[in-house]
Amino acid sequence: MANTSSAKKATRKIAARTAVNKNRRSRVRTFLRKVEEALLSGDKTAAQEAFRAAQPELMRAASKGVFHKNTASRKVSRLANRVKALEA
């Protein structure tokens, strides 16, 4: 248990930050799931729209430190390839 006032404040800050990050991570997963569902259904336009919405969400999470930058870039790249393959 935290003894000093600064340690108590730190635990409050950590709890608040964890809640924000959890919310952001959940939001990104929702966007990714929408892209996955559109890809599985084979709907080209829905997949493109979902991907366009998911891409900035992923990169925003990376800039906020929820995901590593390279992880977000890798996910975007792989999704872009799958959407492009669906078009062909």
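Leaving aside residues up to four places away in sequence, Arg25 touches Val66 and Phe67. The model is a predicted one, and in it Arg25 belongs to helix 1. Although Arg25 and Val66 are 41 residues apart along the chain, their C-alpha atoms are separated by 6.7 Å. Arg25 has a relative accessible area of 28% and is therefore partly exposed, since that class covers the values between under 20% for buried and over 50% for exposed.

## Helix 1 against helix 2

Two packed helices are described by the angle between their axes and the distance between the axes. For helix 1 (residues 5-41) and helix 2 (residues 44-63), the axes come within 9 Å and cross at roughly 155°. Because angles over 145 degrees count as roughly antiparallel, helix 1 and helix 2 are described as roughly antiparallel to each other. The crossing in which helix 1 passes helix 2 is left-handed.

On the side of helix 1, the contact is made by Arg27, Val28, Phe31, Leu32, Lys34, Val35, Ala38 and Leu39, while helix 2 contributes Ala46, Ala47, Ala50, Phe51, Ala53, Ala54, Glu57, Leu58 and Ala61. Sorted by class, this contact of helix 1 with helix 2 holds 14 nonpolar and 3 charged residues, with no polar ones.

## Glu57 within helix 2

Glu57, which lies in helix 2, has a relative accessibility of 10% and therefore counts as buried, because the cut-off for that class is under 20% relative accessible area.

## Helix 1 against helix 3

Helix 1 also packs with helix 3 (residues 69-87), at an angle of about 25° and with the axes 11 Å apart. Angles under 35 degrees count as roughly parallel, and helix 1 and helix 3 are therefore roughly parallel to each other. Their crossing is left-handed.

Helix 1 supplies Leu32, Val35, Glu36 and Leu39 to this contact, and helix 3 supplies Lys75, Leu79, Arg82, Val83 and Leu86. The residues of the contact of helix 1 with helix 3 divide into 6 nonpolar and 3 charged, with no polar residue.

Technical notes: Residues are numbered from 1 along each chain as its sequence is written. This is a predicted model: local features need pLDDT of at least 70, side-chain atom pairs count only at pLDDT 80 or more; totals for chains, interfaces and linings use all residues. Side-chain values use heavy atoms; hydrogens and water are left out. Axes are lines fitted to C-alpha atoms, for helices over the stretch in contact, and angles run from 0 to 180 degrees between N-to-C directions. Helices (H or I, at least four residues) and strands (E, at least two) are DSSP runs, numbered from the N terminus. Angles under 35 degrees count as roughly parallel, over 145 as roughly antiparallel, 65 to 115 as roughly perpendicular and the rest as oblique. A crossing is left-handed if the near helix is turned anticlockwise from the far one by less than a right angle, and right-handed if clockwise. Contact means heavy atoms within 4.5 Å. Ala, Val, Leu, Ile, Met, Phe, Trp, Tyr, Cys and Pro count as nonpolar, Asp, Glu, Lys and Arg as charged, and the others, Gly among them, as polar. Buried means under 20% relative accessible area, exposed over 50%, partly exposed in between (1.4 Å probe, protein chains only).
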